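Please open the structure in a viewer and keep the selection panel at hand.

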Amino acid sequence: MHTIYIMWLRELKRYFRSKSRIIGSLGQPLLFMLALGYGLGSVFRAAGDGSYFQFLVPGIVGMSIIFTAIFSGIQIIWDRQFGFLKETLVAPVSRLTIMTGRTLGGATVASIQGIIVLAISMAFGFRPTDWWLAPLALVFMLLVALLFTALGTGIASVLEDMQGFQLIMNFLVMPLFFLSGALFPLSGLPPILAGLTLIDPLSYGIDSFRAILVGSSHFGLGVDFLVLALVTSAFLAIGSYLFSKIQI
Amino acid sequence: MEPIIEVKHLVKRFGDFSAVRDISFAVEKGEIFAFLGPNGAGKSTTIKMLTTLLRPTSGTITLAGHDPARDPEEVRRSFGIVFQDPSLDDELTARENMDFHGVLYGVPAKLRRTRIEELMKFVELWDRRDSLVKEFSGGMKRRLEIARGLLHHPKVIFLDEPTLGLDPQTRNHMWSYLQELNKKEGITVFFTTHYMEEAARIAQKIAIIDHGTIIASGSAADLTAQTGTASLEDAFLKLTGSAIREEESSATDRLREHLRVRNGGRR
Ligand SMILES: Nc1ncnc2c1ncn2[C@@H]1O[C@H](COP(=O)(O)OP(=O)(O)OP(=O)(O)O)[C@@H](O)[C@H]1O
Ligand SMILES: [Mg+2]
């Protein structure tokens, strides 16, 4: 218990200490939110789908969560390179505990990042349809954050160094983001694209944010929850298995 | 006396390169044991296998009654280690690094606080306790790692070139602390170093490894007697040759090594 707490605390300390990381990782979501939100607003309205900005914000919240979460998970590569990983790997605690603490920490950080983006979007005029559902939104944000931190941890456990990082960004994170329906509605898509969005776990995450924040959902909140919970459990299990197999 | 570390026919291959080739040795409980050898001999690789960080290719290890490959968690409960390579979290402060270690190793809060203060004063970093580690010099980081390694009192402590880059004051200080700990609590000390006078002075038993094979072992006196030399440094040079180690050993080197293995350095 103590170990999980200290691993969690470490992630938070590192996050709050690097102001540049916080600000830097806000830049991209803000750019997407403002440029696309205002830029495509009139097209979207003309198509009869209402306010694009309202539609987009949950997607951008999802975007900042997935980026921060995978990045947190991938930190293991840095820890390996700077040597700190060894210190945790020889400690007399199970690797499952270590992995749990790290993942919870990374997920907390990612959720905070999502909350910051949500708060900023409100400054630009975003309004959730029902304030009473805000706590529920938090639950789903944490779930999505957990899912992708575990994914990042799993990937980082099998990578030796940072060489693979760019590869992951371009061939995993970007596709996950663009195919998630963060930027466009999931209905009426060409079949192949629709199929891809169906197997992207982030689709269900962003769909759940929309269900809670703006009251429109493609899959339904129940389905979202089931899929997210299942995939998160699977990634946690795979992630801890791979983490337990790390050799140095 | 009973061995606390027992290694039998241990082999580690990376691809087709053998870093450790069939070594066997034992370390008695409460002993101070030095593991010496030129660069690239296989010392750190052996330590990594003993400390559950690497899986052996073949052979068996018993550490405090357990096998690191089969029962890593049990083994991790019985040792502490100061690594050769950096292992601090640069983004945390010196004290946070200590505290983190204390929690990981289950040192009770009160004992943790007093011991952290004692050890950080001991390595003269108490004044810098709240500085981020990334602001430290190389020697300061090393001192912090040593203090951290001593925070919990395990059955066996591994020190992989602990004194590298340390000034003589800190070095002496550290060894007397370790000898004290060894005497008072019976902690077994397993260390590597390239300072031969240090090994001769501190270690009760020495094993010399070269190209992944143990070529001699015994007390410092045994080794000098065996080789007919005056000091451990001379004995070491005589046993391992004076060629500087390259990534690939030359053909003559390999031949020499082959002969030596065949003619059997004492095991
Ligand atoms: N992960 C690895 N992959 C491939 N080769 C490795 C790996 N780790 C170590 N080696 C090789 O194994 C050999 C032994 O390395 P090791 O680190 O055990 O040497 P050492 O005795 O600790 O040397 P030093 O005194 O320089 O610390 C070296 O030739 C090294 O290049
Ligand atoms: Mg070494």
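The model is predicted, so local features are given only at pLDDT of at least 70 and side-chain atom pairs only at pLDDT 80 or more, while totals for chains, interfaces and linings use all residues. Residues are numbered from 1 along each chain as its sequence is written, chains are lettered from A and ligands numbered from 1 in the order in which they are written, and side-chain values use heavy atoms, with hydrogens and water left out.

**Stop 1: the magnesium ion**

Select ligand 2, the magnesium ion, together with B:S44 and B:Q84. The ion is coordinated by OG of B:S44 and OE1 of B:Q84, at 1.9 to 2.0 Å. Donors here are N, O and S atoms within 2.8 Å of the metal (3.2 Å for Na, K and Ca); water is not among the atoms, so sites may look incomplete. B:S44 belongs to helix 1 (residues 43-50) of chain B, and B:Q84 to the loop between strand 5 (79-82) and helix 3 (94-104) of chain B, so the pair ties together parts that are 40 residues apart in sequence. Helices (H or I, at least four residues) and strands (E, at least two) are DSSP runs, numbered from the N terminus. B:Q84 is partly exposed, at a relative accessible area of 31%. In this scheme buried means under 20% relative accessible area, exposed over 50%, and partly exposed in between (1.4 Å probe, protein chains only).

**Stop 2: ligand 1 and its shell**

Next, select ligand 1 and the 14 residues around it. A residue counts as near if one of its heavy atoms lies within 4 Å of the molecule. Which residues come nearest? They are B:G40, B:G42, B:K43, B:S44 and B:T45.

- from a polar backbone atom of B:G40 to an oxygen atom of ligand 1, 2.8 Å;
- from a polar side-chain atom of B:K43 to an oxygen atom of ligand 1, 2.7 Å;
- from a polar side-chain atom of B:S44 to an oxygen atom of ligand 1, 2.7 Å.

On its own, ligand 1 has 630 Å² of accessible area, and the protein covers 67% of this. Such areas come from the Shrake-Rupley method with a 1.4 Å probe. Strand 2 (17-28) and helix 1 of chain B are the elements that give two or more residues to the shell. Helix 1 of chain B provides the largest share, three residues.

**Stop 3: the aromatic rings**

Now select B:F25 and B:F190 and show their rings. A pair of aromatic rings is described by the distance of the centres and the angle of the planes. Rings of Phe, Tyr and Trp (its six-membered ring) pair if their centres lie within 6.5 Å; planes under 30 degrees apart count as stacked, over 60 as edge-to-face and the rest as tilted. By this rule there are 23 aromatic pairs over all chains. The ring centres of B:F25 and B:F190 are 6.2 Å apart and the planes stand at 45°, so this pair is tilted. B:F25 is in strand 2 of chain B and B:F190 in strand 7 (residues 188-192) of chain B, 165 residues apart, and the pair thus links distant parts of the chain. Both residues are buried.

**Stop 4: the loop between strand 4 and helix 2**

Select B:A64 and B:P68. B:P68 is in the loop between strand 4 (58-63) and helix 2 (72-76) of chain B, and B:A64 is found in that loop also. Are these residues buried or partly exposed? B:P68 is buried, with a relative accessible area of 6%, whereas B:A64 is partly exposed at 23%. B:A64 has a positive phi of about 50° although it is not a glycine.

**Stop 5: two helices**

Select B:E117, which is in helix 4 (residues 109-122) of chain B. At 31% relative accessibility it is partly exposed. Its side chain makes a polar contact with the side chain of B:K121, at 2.6 Å. A polar contact is a pair of N or O atoms within 3.5 Å; within protein, one must be able to donate a hydrogen and the other to accept it, and residues adjacent in sequence count only if both atoms are side-chain atoms.

Finally, select B:M98 in helix 3 of chain B. B:M98 is buried, at 0% relative accessibility.
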